[in-house]
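Here is a structure to walk through step by step. Keep the view open beside the text and follow along.

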Amino acid sequence: MSDHDFTTTVSVGQTPHEAYSAILNVDGWWTGSNEGKCDEVGDEFIHRDGEAHYCKLRVTGLAPNKRVTWLVLDNHFTFVENQDEWKDTQITFEIAAAEGQTQVRFAHLGLAPEFECFEVCSNAWVSLINGSLRTLITRESD
């Protein structure tokens, strides 16, 4: 990790398997619309949040119950000038059992503080990972 990466961590009482399954259920936590598959290496999917955000991603790594890695192939925001800010960045989810809980360490590798979108994007990731994803992980185990 470097100062050009955004990270946040969430801890839940569910198993690493439950966390991994929830991450792969992108429709369940990443608000907006999602098209395509993301459960096998090489899969590509598109995320849209209305007109404000379009993002095309490829699954580049899966280690069941341990890690999920995506590469951003293309991205467009309506609220920034430089549309390349996310292009070729990686999104990772590291899953590990720790002290009776499961930790999910999210990182957007390459999402740098100097990016025009950094404040909006980092706040959105915090809300999604610590809100929507956490809720999905805990709800799926009920």
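Let's start with strand E3 (residues 44–49) and strand E4 (residues 53–63): they run antiparallel and are joined by 6 bridges. A word on terms: strands (E, at least two residues) and helices (H or I, at least four) are DSSP runs, numbered from the N terminus, and two strands pair if DSSP finds at least two bridges between them. This is a predicted model, where local features need pLDDT of at least 70 and side-chain atom pairs count only at pLDDT 80 or more, while totals for chains, interfaces and linings use all residues. Residues are numbered from 1 along each chain as its sequence is written, and side-chain values use heavy atoms, with hydrogens and water left out.

Back to the strands. Find Ile46, whose bridge partner in E4 is Lys56. E3 and E4 make a hairpin with 3 residues between them, and Gly50 in that turn has a positive phi of about 60 degrees.

Now follow E4 onward. E4 also pairs with strand E5 (residues 67–77), again in the antiparallel sense, over 10 bridges.

Next, look for open space. The largest pocket holds about 240 Å³, a volume being the space filled by probe spheres set on grid points joined across faces, edges and corners. A pocket is an open set of points on a 1 Å grid over the protein atoms alone, where a 1.4 Å probe fits, with protein on both sides within 12 Å along at least five of seven lines; lining residues have an atom within 4 Å of a point. Of the 14 lining residues, Trp30, Asp49, His53, Ala124 and Leu128 are the closest to the centre. E3 and helix H3 (118–140) are the elements that give two or more residues to this lining, and H3 supplies the largest share, 5 residues.

What about the cysteines? The structure has 0 disulfides, a disulfide being a pair of cysteine sulfur atoms within 2.5 Å. For Cys38, the nearest cysteine sulfur is that of Cys55, 12 Å away. For Cys117, the nearest is that of Cys121, 3.0 Å away, and Cys117 is in no disulfide either. Cys117 counts as buried because its relative accessibility is 0%, where buried means under 20% relative accessible area (1.4 Å probe, protein chains only).

Notes
Buried < 20%, exposed > 50% of the residue type's maximum accessible area, 1.4 Å probe, protein only.
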